[in-house]
Amino acid sequence: MAVSHDLSPAVDLTAFLKRRPDAAPTFELRVKGARCAACLGKIERETAALPGVTSARLNLTNGKLTVAFDSLADADPGAVVLRLENLGYPATPYDPAQAADALDREGRRLVLCLAVAAFGAMNTMMFSVPLWAGLFGQELGPATRVVMQWWCALVATPCALYAGRPFFESAWRSLKRRRANMDVPISIGVLLTLGISFSETLLRGRDAYFDAAVSLLFLLLIGRWLDHQLKLRARSAASDLLALQAPAATVVGEDGVERRQPISEVEVGDVLIVRPGERIPVDALVQSGSSEIDNALLTGETAPVPLRPGHVCRAGALNLSGVVHLQALARSEDSAVAAIARLVEAGAQSKSKYVQLADRAASIYVPVVHSAALLTFAGGWIVGLGPREAILRAVAVLIITCPCALGLAVPAVQISASARLFRRGVLVKSGAALERLAEVDHVVFDKTGVLTEGRPKVLDAPASTIALAAPLARASSHPLSRALAAEAGPGPCADAVIEHPGLGVEGIIDGRRARLGRAEFVGVSGRANLETELWFAFQGETKIRFRFSDRLRPDAAETVAALAARGLSVEILSGDAPFPVAMAAEGAGISTWRGGLTPIEKSEAILALQSEGRRVLMVGDGLNDAAALARADAAMAPGTALDASQNAADLVFSGEALGAVVDAIDVARQARRRALENFSFAALYNLIAAPAAMLGLMNPFVAALAMSGSSLAVTLNALRLRRRA
Amino acid sequence: MNIFMMLAPMSVFLGLLGVGAFWWTLSHGQYEDPSGDAARILLDDPEDRPL
């Protein structure tokens, strides 16, 4: 039986069409490999030329192609995918449900607030510069001063009220839960500043701080926007990874037509067809066909498992060699994965209890600052200042201590740290993840696909023997054959190749019939059939045995040593059989290891470590690791991991090198150091500025200068992290 | 002082115009695909070729 890996044109992708009642249907795909103007032009031109397509537009920034069709009847999304494949750009349809929330409303709102605050700050400044000049004895009559102050009020007040909304809302939400986050003092500071400035203007005083209120918001919004950008980039990268996993199943209808459907639409009893190289979409019973499945991502087992009619296979397993027809036994959310998904959820909840550095700082900062202001007011009154002067000084304390530098201190550090890691191929999913990673003191590795490469390599066979079998190996998609072909390098392919699912391949090399596959298929009898070996023979000749093993990543031992040098202890928790785990542990230089663990046992092992007071970093890739990843204090997954694991992980690293783990820990620790430096800088600044405000040495000019100066210093300190790459 | 009373509202108005223009670009998706827009300028429209 010949096997094809392409999406056949007969496959129906209409389930992925985005249907809108009032407009033509659209279809969204993620296109890989488009980088330049030429690609863009070619893709749009060729796609738009397809029948039934009205327009095609490619977003080069995020690789999303949006195709609009004439009408539902003419729409053939399968043809679009096929055309793109032929052009050399692999494409995967987006799940319409996922694409819907791609609109970044929150980001737009922040940018608009930022623009309004910038306008407000600059235009208020226009009127406040003459006021500052007046403070230094320049000519400014009382009438002119009042006019200037009113202009300041007119411009600054609406701008501050509009631009401050993100802070006011967040502060209100936090107060309703009886907690005080950083936004509470910000909101109180801004509103009090506006109020006192109004009263000063009305009472013809000279201390109106309108410009301070808006420029404070402007600087804080920069921090808020940076933070949002970081989250957004991570989220879109994560959803891209999800889209690439193509959460679709091929369902065979009663009429015999194959349809691609989102996994969530598969019903119990549906007949599914799974080709080699695809994942089993839901828990299912094999009806016909035979194959082998790879459970590595599910259980951590390295050896493929044979699949015959009547067997049950679990969602997430990779089909290796033959086409199988399956009957769905469960819906996607009831499949075996769902139990793990619940564990992941529970773990994620425990993670959300982590209090971020900035909020921890706020919980100390807020009471101190507010009691300082209260003390100033009370003290001023006792010393004999009038109530107006006492209030003014108290407000000056609040303005000067408004946590502007603090608002920037952490986001600026986190964005430069994650930019640096991004260049090294590590994706950081949230700023809090970096903070948790910095505190880690114990690293737990999964074995298959993390410490090892996750794919078999040929063990000690002479190159001449490999070259003999290579033409047949190149024609097969089985992982062992592929390992053999990779070892042999490029070369000719055998003729008249027939793939016998679950057994091996047969074909003609140089006019001679040859077989490559399981022992009994090649004609070796009386041997226990090992899953990690492959036999090869020309018809009637000596049988040759190839043995395979999953090799350690080249820098595994080096990484473990580097982690140990940083004072971290290392451990392996694996679902694979004890013997291969022991081998890998020995190779990588790890003394603590456990094998044969179920996903729940892994998660419990992490919990046990945590109850001993350890801070655990879990590095894993399989579905069996997802619960442990979610439970651990910090989690990393390689880019080859299953989507569930990538979702559960805080950081995703691409590439072959395990050294990314060490890099990430180093950068996270540096980022923490910078953030703490920024905090202590802000504290120092407050230590000087607050007493000055208490003594009444503050005026609007000094306030403006001090605030922007401290923000600038904090940002520059954060940028140092970026430079030392 | 009179000239100030005229120039001040004018400058604020011009500033508002800037914010309005920015809002317009934002709501019309001008920042959705910066690298695509940079590439598109290099593409010739098929109808634009000389006869």
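This is a short walk through a predicted structure, going from its overall make-up to a few of its parts.

Hello everyone, and let me start with the ground rules. Residues are numbered from 1 along each chain as its sequence is written, while chains are lettered from A and ligands numbered from 1 in the order in which they are written. As this is a predicted model, local features need pLDDT of at least 70 and side-chain atom pairs count only at pLDDT 80 or more, whereas totals for chains, interfaces and linings use all residues.

How confident is the predictor about chain A? pLDDT is its confidence in each residue, from 0 to 100. Chain A averages a pLDDT of 80, and 87% of the residues score at least 70. Two stretches stay under 50: residues 1-10 of chain A, with 17 contacts beyond four places in sequence, and residues 241-246 of chain A, with 11 such contacts. A contact here means that the C-beta atoms of two residues, placed from the backbone, lie within 7 Å. Where pLDDT is low, the predicted coordinates should not be read in detail.

Now the overall picture. Chain A holds 25 helices and 27 strands; these are DSSP runs numbered from the N terminus, with helices being H or I of at least four residues and strands E of at least two. Of its 725 residues, 48% count as buried. Buried means that 20 or more other C-beta atoms lie within 10 Å of the residue's own, with C-beta atoms placed from the backbone. Among contacts in chain A between residues at least 6 apart in sequence, 68% join residues at least 24 apart.

Next, where the chains meet.

Let me zoom in on strand S26(A), residues 634-638, where 5 of 5 residues are buried. In a regular strand the side chains alternate between the two faces of the sheet. Here, A:Ala634, A:Met636 and A:Pro638 lie on one side and A:Ala635 and A:Ala637 on the other, and all are buried.

And its neighbours? Strands count as paired if DSSP finds at least two bridges between them. S26(A) pairs in the parallel sense over 3 bridges with strand S25(A), residues 616-619, where A:Val619 stands opposite A:Met636. S26(A) also pairs in the parallel sense, again over 3 bridges, with strand S27(A), residues 651-653; there A:Pro638 stands opposite A:Phe653.

Another part to look at is helix H12(A), residues 387-400, where 10 of the 14 residues are buried, including A:Leu392, A:Arg393 and A:Ile400.

Last stop: an open sheet of 3 strands in chain A, ordered S11-S10-S13 with antiparallel pairing. Its edge strands, S11 (305-307) and S13 (318-319), each pair on one side only. Strand S10(A), residues 291-294, is joined to S13(A) by 2 bridges, and A:Asp294 has A:Leu318 as its bridge partner.

How values were computed:
A residue is buried if 20 or more other C-beta atoms lie within 10 Å of its own, exposed if 12 or fewer, and partly exposed in between; C-beta atoms are placed from the backbone.
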